[in-house]
Amino acid sequence: LFDTSPAYCQGRSEKALGIALSRHDRSKFLVSTKMSNFGNFTREASIEMYNNSFKELQVDYIDYYLLHSVGGGEDAMAYFEDRYIKNGMLDFLLNERKAGRIRNLGFSYHGDIRIFDYLLSRHDEIKWDFVLIQLNYVDWKHAEKLNDRNVNAERLYNELTNRNIPVVVMEPLLGGRLAKFDYAIAKKMQAFSKDATLASWAFRFCASKPNVMCILSG
């Protein structure tokens, strides 16, 4: 699974990935990209972004498509409605899934928990295929201690699991911070298994959750 977005790498990520993947049989890989309409969320601009993803990635269907980073913005609900509801983009994407150009539709969550709860409240209607959340062994119970706008991953995971919505994990290493510790902590962790790297414990934690479908490396 190769995960990208029109916004990544100063807008060059999809094009670069498309060139690389064009060398390979389409049935041998999965590709994930996003509706990253942060600056201009008119219907016309959003549809143009959507169609351009197919052109840049050189594919005729997208395996996993996401509403990108929902929950952000000063007034998160109003911002979400402008990006996806008032312009009809959520309905557009649902129709694209029905047509088969999107195989699985989900969203990536950051920020205001009201948006997360709102989207899950519509699951019976929308039928989310997956959701991307930040999950690691620090954020599991202590996310709010790192940032008071964060929500503990345990709550997010359980809400999704209760609805049988598969989880995709981002930030398994908390931006790399779980790959290196001071000597005293590292020594205690390595005592459990001399062959296990410090980073491996973070991936093991995520992989131990039965409803985790995929762990992104970044």
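Contact here means heavy atoms within 4.5 Å. Helices (H or I, at least four residues) and strands (E, at least two) are DSSP runs, numbered from the N terminus. This is a predicted model, where local features need pLDDT of at least 70, side-chain atom pairs count only at pLDDT 80 or more, and totals for chains, interfaces and linings use all residues. Residues are numbered from 1 along each chain as its sequence is written, and side-chain values use heavy atoms, with hydrogens and water left out.

Start with helix α7, residues 139-146. D139, W140 and A143 are buried there (under 20% relative accessible area, 1.4 Å probe, protein chains only; exposed is over 50%, partly exposed in between). They lie on the same side of α7 because they cover an arc of only 55° around the axis, taken from the directions from the helix axis to the C-beta atoms. The buried residues of α7 pack against β5 (130-134), α8 (153-162) and α10 (198-207).

Now the cysteines. A disulfide is a pair of cysteine sulfur atoms within 2.5 Å. The whole structure has 0 disulfides. Two cysteines show why:

| Cysteine | Closest cysteine sulfur | Distance |
|---|---|---|
| C206 | in C214 | 11 Å |
| C214 | in C206 | 11 Å |

Each distance is too far for a bond. C206 is also buried, with a relative accessible area of 0%.
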